[in-house]
Amino acid sequence: MREGSGTTSDSPLVLLSGGGGGARLAAGLSQSSAERPLLVVTNTGDDFEHCGLTICPDTDSVLYAVSKTIDRQRGWGRGEESWAVFGELKNLGGPDWFQLGDKDLALHLARAAMLSAGQGLASVTQALGYRLDVPSSVSVLPATESPVRTHVVTEQETMAFQEYFVAHRCAPVLHDVVYEGIDSASPAEQLRDALGHVGAAGTDIVLGPSNPFLSLAPILAIPGMQELLRHAARRVVAVSPIIGGQALKGPAGKIMSELGLDVSAEGWTRFMSEQYPGLVDVWVWDETDQALAGDLRSEGMDIRTTQTVMSDPSRARAFGDWLLGVCDSGH
Ligand code: FO1
(Lines give C-alpha, C1' and ligand atoms only; values in the text may rest on other atoms or scores of the structure.)
Protein backbone atom coordinates (compact mmCIF):
# COMPACT_ATOMS: atom_id res chain seq x y z
CA MET A 1 0.00 0.00 0.00
CA ARG A 2 1.40 3.37 -1.01
CA GLU A 3 1.06 6.38 1.20
CA GLY A 4 -0.84 8.81 -0.97
CA SER A 5 -0.44 12.52 -1.44
CA GLY A 6 -1.68 14.72 1.43
CA THR A 7 -4.91 15.86 -0.15
CA THR A 8 -7.17 13.32 -1.69
CA SER A 9 -9.60 15.85 -3.07
CA ASP A 10 -8.45 15.35 -6.66
CA SER A 11 -7.35 11.74 -6.60
CA PRO A 12 -9.95 9.34 -7.95
CA LEU A 13 -11.91 6.81 -6.05
CA VAL A 14 -12.23 3.76 -8.31
CA LEU A 15 -15.21 1.45 -7.75
CA LEU A 16 -15.34 -1.98 -9.43
CA SER A 17 -19.00 -2.79 -9.91
CA GLY A 18 -21.56 -5.24 -11.22
CA GLY A 19 -25.19 -4.36 -11.73
CA GLY A 20 -26.75 -4.91 -8.31
CA GLY A 21 -25.12 -3.91 -5.03
CA GLY A 22 -22.25 -2.28 -6.87
CA ALA A 23 -24.65 0.01 -8.73
CA ARG A 24 -26.32 1.04 -5.47
CA LEU A 25 -22.93 1.81 -3.95
CA ALA A 26 -21.99 3.79 -7.07
CA ALA A 27 -25.12 5.89 -6.54
CA GLY A 28 -24.28 6.32 -2.85
CA LEU A 29 -20.68 7.35 -3.54
CA SER A 30 -21.77 9.76 -6.28
CA GLN A 31 -23.96 11.54 -3.70
CA SER A 32 -21.28 11.43 -1.00
CA SER A 33 -20.24 14.75 0.39
CA ALA A 34 -16.52 14.41 -0.38
CA GLU A 35 -16.05 15.81 -3.88
CA ARG A 36 -13.57 13.22 -5.16
CA PRO A 37 -13.74 12.13 -8.76
CA LEU A 38 -15.51 8.75 -8.84
CA LEU A 39 -14.56 6.28 -11.56
CA VAL A 40 -16.93 3.32 -11.74
CA VAL A 41 -15.37 0.40 -13.63
CA THR A 42 -18.17 -1.84 -14.82
CA ASN A 43 -18.34 -5.55 -15.60
CA THR A 44 -18.73 -6.32 -19.32
CA GLY A 45 -19.03 -10.10 -18.99
CA ASP A 46 -22.84 -9.91 -19.03
CA ASP A 47 -22.85 -7.95 -22.29
CA PHE A 48 -24.53 -9.69 -25.22
CA GLU A 49 -26.12 -9.17 -28.62
CA HIS A 50 -29.92 -9.10 -28.66
CA CYS A 51 -32.10 -8.21 -31.69
CA GLY A 52 -28.93 -6.87 -33.31
CA LEU A 53 -28.27 -4.53 -30.38
CA THR A 54 -25.33 -4.61 -27.95
CA ILE A 55 -26.82 -4.88 -24.45
CA CYS A 56 -24.56 -3.90 -21.51
CA PRO A 57 -26.66 -4.73 -18.44
CA ASP A 58 -24.18 -3.97 -15.66
CA THR A 59 -22.89 -0.79 -17.29
CA ASP A 60 -26.46 0.37 -17.89
CA SER A 61 -27.56 -0.40 -14.32
CA VAL A 62 -24.68 1.76 -13.08
CA LEU A 63 -25.52 4.55 -15.56
CA TYR A 64 -29.15 4.49 -14.45
CA ALA A 65 -28.24 4.25 -10.75
CA VAL A 66 -25.84 7.22 -10.71
CA SER A 67 -28.17 9.32 -12.88
CA LYS A 68 -31.07 8.38 -10.56
CA THR A 69 -33.12 7.11 -13.50
CA ILE A 70 -33.04 3.45 -12.44
CA ASP A 71 -36.15 1.44 -11.60
CA ARG A 72 -35.40 0.99 -7.89
CA GLN A 73 -37.78 -1.93 -7.39
CA ARG A 74 -36.31 -4.08 -10.13
CA GLY A 75 -32.78 -2.82 -9.74
CA TRP A 76 -32.31 -2.62 -13.50
CA GLY A 77 -33.82 -0.71 -16.43
CA ARG A 78 -35.45 2.69 -16.29
CA GLY A 79 -37.92 4.05 -13.78
CA GLU A 80 -41.12 5.58 -15.21
CA GLU A 81 -40.83 3.16 -18.11
CA SER A 82 -43.37 2.20 -20.79
CA TRP A 83 -43.50 -1.11 -22.65
CA ALA A 84 -45.22 -0.32 -25.96
CA VAL A 85 -42.42 -1.61 -28.17
CA PHE A 86 -41.84 -4.73 -26.07
CA GLY A 87 -45.59 -5.52 -26.23
CA GLU A 88 -45.68 -5.23 -30.00
CA LEU A 89 -42.40 -7.14 -30.32
CA LYS A 90 -44.14 -10.06 -28.56
CA ASN A 91 -47.12 -9.75 -30.91
CA LEU A 92 -44.72 -9.98 -33.82
CA GLY A 93 -43.16 -13.13 -32.43
CA GLY A 94 -39.91 -11.45 -31.38
CA PRO A 95 -37.85 -12.66 -28.40
CA ASP A 96 -39.71 -11.92 -25.16
CA TRP A 97 -37.39 -13.56 -22.60
CA PHE A 98 -35.45 -10.32 -22.06
CA GLN A 99 -37.66 -7.37 -21.15
CA LEU A 100 -36.76 -4.10 -22.89
CA GLY A 101 -38.69 -0.98 -21.89
CA ASP A 102 -39.15 1.85 -24.39
CA LYS A 103 -36.65 4.26 -22.78
CA ASP A 104 -34.14 1.48 -22.14
CA LEU A 105 -34.50 0.43 -25.76
CA ALA A 106 -33.76 4.00 -26.83
CA LEU A 107 -30.44 3.79 -24.98
CA HIS A 108 -29.57 0.53 -26.74
CA LEU A 109 -30.46 2.09 -30.11
CA ALA A 110 -28.33 5.17 -29.33
CA ARG A 111 -25.42 2.90 -28.34
CA ALA A 112 -25.84 0.80 -31.49
CA ALA A 113 -25.82 3.94 -33.64
CA MET A 114 -22.60 5.25 -32.01
CA LEU A 115 -20.87 1.84 -32.12
CA SER A 116 -21.75 1.37 -35.80
CA ALA A 117 -20.35 4.86 -36.46
CA GLY A 118 -17.04 3.51 -35.13
CA GLN A 119 -17.04 4.92 -31.59
CA GLY A 120 -15.48 2.72 -28.90
CA LEU A 121 -17.55 1.34 -26.01
CA ALA A 122 -15.86 3.63 -23.46
CA SER A 123 -16.63 6.84 -25.32
CA VAL A 124 -20.15 5.62 -26.15
CA THR A 125 -20.73 4.98 -22.43
CA GLN A 126 -19.36 8.43 -21.58
CA ALA A 127 -21.67 10.04 -24.17
CA LEU A 128 -24.70 8.18 -22.81
CA GLY A 129 -23.75 9.17 -19.25
CA TYR A 130 -23.55 12.80 -20.27
CA ARG A 131 -27.01 12.63 -21.88
CA LEU A 132 -28.43 10.90 -18.81
CA ASP A 133 -27.07 13.71 -16.60
CA VAL A 134 -24.63 11.54 -14.68
CA PRO A 135 -22.94 13.94 -12.19
CA SER A 136 -19.82 15.49 -13.78
CA SER A 137 -17.61 14.11 -10.95
CA VAL A 138 -18.60 10.55 -11.95
CA SER A 139 -17.22 8.55 -14.87
CA VAL A 140 -18.73 5.20 -15.81
CA LEU A 141 -16.22 3.08 -17.67
CA PRO A 142 -16.57 -0.49 -18.99
CA ALA A 143 -13.56 -2.45 -17.69
CA THR A 144 -12.35 -3.32 -21.19
CA GLU A 145 -13.23 -2.58 -24.81
CA SER A 146 -12.39 -6.13 -25.84
CA PRO A 147 -15.35 -8.51 -25.88
CA VAL A 148 -15.52 -10.67 -22.73
CA ARG A 149 -18.45 -13.06 -22.34
CA THR A 150 -19.23 -14.88 -19.11
CA HIS A 151 -20.37 -18.47 -19.56
CA VAL A 152 -21.70 -20.65 -16.78
CA VAL A 153 -20.64 -24.32 -16.77
CA THR A 154 -23.44 -26.42 -15.26
CA GLU A 155 -23.70 -30.19 -14.90
CA GLN A 156 -25.76 -30.42 -18.14
CA GLU A 157 -24.22 -27.76 -20.36
CA THR A 158 -22.32 -24.52 -20.69
CA MET A 159 -24.65 -21.57 -21.15
CA ALA A 160 -24.36 -17.84 -21.79
CA PHE A 161 -24.70 -15.65 -18.74
CA GLN A 162 -28.12 -14.15 -19.53
CA GLU A 163 -29.50 -17.59 -20.31
CA TYR A 164 -28.39 -18.71 -16.83
CA PHE A 165 -29.44 -15.52 -15.08
CA VAL A 166 -32.69 -14.61 -16.84
CA ALA A 167 -34.01 -17.64 -18.72
CA HIS A 168 -33.04 -20.22 -16.07
CA ARG A 169 -33.21 -17.80 -13.10
CA CYS A 170 -29.86 -19.12 -11.79
CA ALA A 171 -31.43 -22.53 -11.04
CA PRO A 172 -28.83 -24.87 -12.68
CA VAL A 173 -26.05 -26.11 -10.41
CA LEU A 174 -22.91 -24.16 -11.27
CA HIS A 175 -19.65 -26.08 -11.64
CA ASP A 176 -17.45 -23.36 -13.10
CA VAL A 177 -17.52 -19.97 -14.76
CA VAL A 178 -15.49 -19.18 -17.88
CA TYR A 179 -14.84 -15.73 -19.30
CA GLU A 180 -14.61 -16.13 -23.05
CA GLY A 181 -12.18 -13.69 -24.65
CA ILE A 182 -10.62 -12.59 -21.35
CA ASP A 183 -7.10 -13.71 -22.31
CA SER A 184 -6.96 -11.23 -25.17
CA ALA A 185 -8.62 -8.42 -23.20
CA SER A 186 -6.76 -5.49 -21.66
CA PRO A 187 -7.83 -2.79 -19.18
CA ALA A 188 -9.64 0.17 -20.75
CA GLU A 189 -7.25 2.92 -21.87
CA GLN A 190 -9.15 5.53 -19.85
CA LEU A 191 -8.55 3.44 -16.72
CA ARG A 192 -4.83 3.29 -17.39
CA ASP A 193 -4.83 7.05 -17.93
CA ALA A 194 -6.83 7.75 -14.78
CA LEU A 195 -4.53 5.58 -12.66
CA GLY A 196 -1.35 6.68 -14.37
CA HIS A 197 -1.35 10.45 -13.94
CA VAL A 198 0.30 12.18 -11.01
CA GLY A 199 -2.90 13.14 -9.21
CA ALA A 200 -3.68 9.46 -9.00
CA ALA A 201 -1.14 9.12 -6.18
CA GLY A 202 -3.98 9.10 -3.63
CA THR A 203 -6.14 6.68 -5.59
CA ASP A 204 -8.30 4.36 -3.58
CA ILE A 205 -9.95 1.27 -4.99
CA VAL A 206 -13.24 -0.19 -3.77
CA LEU A 207 -14.38 -3.66 -4.80
CA GLY A 208 -18.18 -3.24 -4.64
CA PRO A 209 -20.57 -5.69 -2.94
CA SER A 210 -20.92 -7.53 -6.25
CA ASN A 211 -20.97 -11.19 -7.15
CA PRO A 212 -17.32 -12.31 -7.00
CA PHE A 213 -17.76 -14.94 -9.74
CA LEU A 214 -20.10 -13.15 -12.14
CA SER A 215 -19.31 -9.46 -11.67
CA LEU A 216 -15.85 -8.91 -10.16
CA ALA A 217 -13.92 -11.83 -11.69
CA PRO A 218 -14.61 -10.69 -15.30
CA ILE A 219 -12.95 -7.40 -14.33
CA LEU A 220 -10.09 -8.65 -12.13
CA ALA A 221 -9.19 -11.52 -14.50
CA ILE A 222 -8.41 -9.09 -17.32
CA PRO A 223 -4.65 -9.52 -17.89
CA GLY A 224 -2.78 -6.71 -16.15
CA MET A 225 -5.81 -5.42 -14.25
CA GLN A 226 -4.78 -6.50 -10.75
CA GLU A 227 -1.27 -5.13 -11.21
CA LEU A 228 -2.66 -1.85 -12.55
CA LEU A 229 -5.00 -1.45 -9.58
CA ARG A 230 -2.51 -2.58 -6.93
CA HIS A 231 0.26 -0.36 -8.29
CA ALA A 232 -1.92 2.75 -8.34
CA ALA A 233 -3.80 2.15 -5.13
CA ARG A 234 -3.09 3.84 -1.86
CA ARG A 235 -5.72 1.56 -0.32
CA VAL A 236 -7.89 -1.28 -1.68
CA VAL A 237 -11.15 -1.87 0.17
CA ALA A 238 -13.48 -4.82 -0.54
CA VAL A 239 -17.14 -4.91 0.53
CA SER A 240 -18.74 -8.25 1.34
CA PRO A 241 -21.81 -9.18 -0.73
CA ILE A 242 -22.62 -11.85 1.88
CA ILE A 243 -24.51 -10.63 4.95
CA GLY A 244 -25.73 -12.93 7.70
CA GLY A 245 -24.82 -16.00 5.64
CA GLN A 246 -26.50 -15.00 2.40
CA ALA A 247 -26.44 -12.58 -0.52
CA LEU A 248 -29.11 -9.86 -0.38
CA LYS A 249 -29.94 -10.44 -4.04
CA GLY A 250 -28.65 -12.67 -6.83
CA PRO A 251 -26.91 -16.04 -6.87
CA ALA A 252 -23.61 -15.30 -5.05
CA GLY A 253 -24.55 -17.39 -2.00
CA LYS A 254 -25.94 -20.25 -4.09
CA ILE A 255 -22.80 -20.32 -6.25
CA MET A 256 -20.52 -20.26 -3.20
CA SER A 257 -22.28 -23.30 -1.73
CA GLU A 258 -22.22 -25.07 -5.12
CA LEU A 259 -18.46 -24.46 -5.21
CA GLY A 260 -18.10 -25.87 -1.69
CA LEU A 261 -17.32 -22.52 -0.09
CA ASP A 262 -18.61 -21.44 3.32
CA VAL A 263 -21.44 -18.97 2.61
CA SER A 264 -20.45 -16.26 5.07
CA ALA A 265 -18.55 -13.01 5.19
CA GLU A 266 -15.59 -15.07 6.46
CA GLY A 267 -15.95 -17.61 3.61
CA TRP A 268 -16.07 -14.74 1.10
CA THR A 269 -13.00 -13.09 2.64
CA ARG A 270 -10.97 -16.30 2.58
CA PHE A 271 -12.00 -16.97 -1.03
CA MET A 272 -11.13 -13.45 -2.19
CA SER A 273 -7.78 -13.32 -0.36
CA GLU A 274 -6.79 -16.66 -1.91
CA GLN A 275 -8.07 -15.69 -5.35
CA TYR A 276 -6.41 -12.25 -5.33
CA PRO A 277 -3.41 -12.49 -2.98
CA GLY A 278 -2.14 -9.15 -1.74
CA LEU A 279 -4.85 -7.15 -3.51
CA VAL A 280 -7.13 -6.14 -0.66
CA ASP A 281 -6.05 -4.06 2.36
CA VAL A 282 -9.37 -3.59 4.18
CA TRP A 283 -12.32 -5.99 4.29
CA VAL A 284 -15.73 -4.42 4.98
CA TRP A 285 -18.47 -6.59 6.44
CA ASP A 286 -21.97 -5.75 7.57
CA GLU A 287 -22.28 -5.17 11.30
CA THR A 288 -24.53 -8.28 11.42
CA ASP A 289 -21.35 -10.32 11.09
CA GLN A 290 -19.30 -8.35 13.61
CA ALA A 291 -19.04 -11.31 16.01
CA LEU A 292 -17.51 -13.54 13.29
CA ALA A 293 -14.51 -11.29 12.62
CA GLY A 294 -12.31 -12.59 15.45
CA ASP A 295 -10.58 -15.47 13.68
CA LEU A 296 -9.54 -13.52 10.62
CA ARG A 297 -8.51 -10.52 12.69
CA SER A 298 -6.26 -12.79 14.74
CA GLU A 299 -4.77 -13.87 11.40
CA GLY A 300 -3.91 -10.23 10.79
CA MET A 301 -6.72 -9.27 8.42
CA ASP A 302 -8.08 -5.74 8.71
CA ILE A 303 -11.83 -6.26 8.97
CA ARG A 304 -14.12 -3.30 9.54
CA THR A 305 -17.87 -3.54 10.08
CA THR A 306 -20.65 -1.03 9.48
CA GLN A 307 -24.18 -0.81 8.06
CA THR A 308 -23.65 -1.98 4.48
CA VAL A 309 -27.30 -2.63 3.53
CA MET A 310 -28.22 0.17 1.10
CA SER A 311 -31.98 -0.12 1.50
CA ASP A 312 -32.57 3.45 0.35
CA PRO A 313 -30.53 6.28 -1.21
CA SER A 314 -29.79 7.90 2.15
CA ARG A 315 -28.35 4.64 3.51
CA ALA A 316 -26.29 4.27 0.32
CA ARG A 317 -24.96 7.79 0.73
CA ALA A 318 -24.11 7.23 4.39
CA PHE A 319 -22.26 4.03 3.50
CA GLY A 320 -20.44 5.92 0.72
CA ASP A 321 -19.35 8.59 3.20
CA TRP A 322 -18.19 5.91 5.65
CA LEU A 323 -16.11 4.22 2.93
CA LEU A 324 -14.53 7.52 1.90
CA GLY A 325 -13.61 7.98 5.55
CA VAL A 326 -11.94 4.58 5.67
CA CYS A 327 -9.96 5.41 2.53
CA ASP A 328 -8.87 8.82 3.83
CA SER A 329 -8.15 7.71 7.38
CA GLY A 330 -4.78 6.22 6.48
CA HIS A 331 -5.12 3.61 9.20
N1 FO1 B 1 -33.12 -9.33 -15.66
C2 FO1 B 1 -34.15 -10.23 -15.66
O3 FO1 B 1 -34.20 -11.08 -14.76
N4 FO1 B 1 -35.11 -10.22 -16.62
C5 FO1 B 1 -35.09 -9.32 -17.64
O6 FO1 B 1 -35.96 -9.36 -18.51
C7 FO1 B 1 -34.06 -8.33 -17.65
C8 FO1 B 1 -33.99 -7.34 -18.64
C9 FO1 B 1 -32.95 -6.38 -18.57
C10 FO1 B 1 -32.88 -5.35 -19.51
C11 FO1 B 1 -31.85 -4.41 -19.46
C12 FO1 B 1 -30.89 -4.50 -18.46
O13 FO1 B 1 -29.88 -3.58 -18.40
C14 FO1 B 1 -30.94 -5.52 -17.49
C15 FO1 B 1 -31.98 -6.46 -17.55
N16 FO1 B 1 -32.07 -7.48 -16.61
C17 FO1 B 1 -33.08 -8.39 -16.63
C18 FO1 B 1 -31.09 -7.61 -15.54
C19 FO1 B 1 -29.80 -8.26 -16.05
O20 FO1 B 1 -29.96 -9.53 -16.53
C21 FO1 B 1 -28.87 -8.23 -14.84
O22 FO1 B 1 -28.87 -6.90 -14.40
C23 FO1 B 1 -27.39 -8.44 -15.07
O24 FO1 B 1 -27.05 -8.95 -16.26
C25 FO1 B 1 -26.86 -9.23 -13.88
O26 FO1 B 1 -26.30 -8.31 -13.00
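In which sense do β1 and strand β9 (residues 204-207) pair, and over how many bridges? The two strands pair in the parallel sense, over 4 bridges; two strands count as paired if DSSP finds at least two bridges between them. Strands (E, at least two residues) and helices (H or I, at least four) are DSSP runs, numbered from the N terminus.

The model described here is predicted, so local features need pLDDT of at least 70 and side-chain atom pairs count only at pLDDT 80 or more, while totals for chains, interfaces and linings use all residues. Residues are numbered from 1 along each chain as its sequence is written, and side-chain values use heavy atoms, with hydrogens and water left out.

Strand β1 covers residues 13-17. L13 stands opposite L38 in β2, and L16 has L207 of β9 as its bridge partner. Because 5 of the 5 residues of β1 are buried, the strand is largely enclosed by the rest of the structure. Buried means under 20% relative accessible area, exposed means over 50%, and partly exposed lies in between (1.4 Å probe, protein chains only). In a regular strand the side chains alternate between the two faces of the sheet. In β1 both faces are covered, with L13, L15 and S17 buried on one side and V14 and L16 buried on the other.

The next subject is the nonpolar core, a set of buried Ala, Val, Leu, Ile, Met, Phe, Trp, Tyr and Cys residues joined through side-chain atoms within 4.5 Å. In soluble globular proteins, nonpolar side chains tend to be buried together. The largest core has 55 residues, of which L16, L191 and L207 touch the most other members. Helix α8 (residues 212-220) gives the most to this core, with 6 residues. A second, separate core of 35 residues includes V40, V62, M310 and L324. Leaving aside neighbours within four places in sequence, L191 is in contact (heavy atoms within 4.5 Å) with V14, L39, V41, L141, M225 and L228.

L39 and L141 also belong to the lining of the second largest pocket, where they lie nearest the centre together with Q126, S139 and Q190. A pocket is found on a 1 Å grid over the protein atoms alone, as an open set of points where a 1.4 Å probe fits, with protein on both sides within 12 Å along at least five of seven lines; lining residues have an atom within 4 Å of a point. This pocket has a volume of about 200 Å³, the space filled by probe spheres set on the points, which are joined across faces, edges and corners. Its lining of 14 residues draws two or more from each of β2, α5 (121-131), β5 (138-142) and α7 (189-196), and β5 gives the most, with 4. By class, the lining has 9 nonpolar, 5 polar and no charged residues. Ala, Val, Leu, Ile, Met, Phe, Trp, Tyr, Cys and Pro count as nonpolar, Asp, Glu, Lys and Arg as charged, and the others, Gly among them, as polar.

Most residues other than glycine have a negative phi. R169 has a positive phi of about 50 degrees, and C170, in the loop between α6 and β8, has a phi near 65 degrees. R169 counts as exposed at 64% relative accessibility, whereas C170 counts as buried at 10%.
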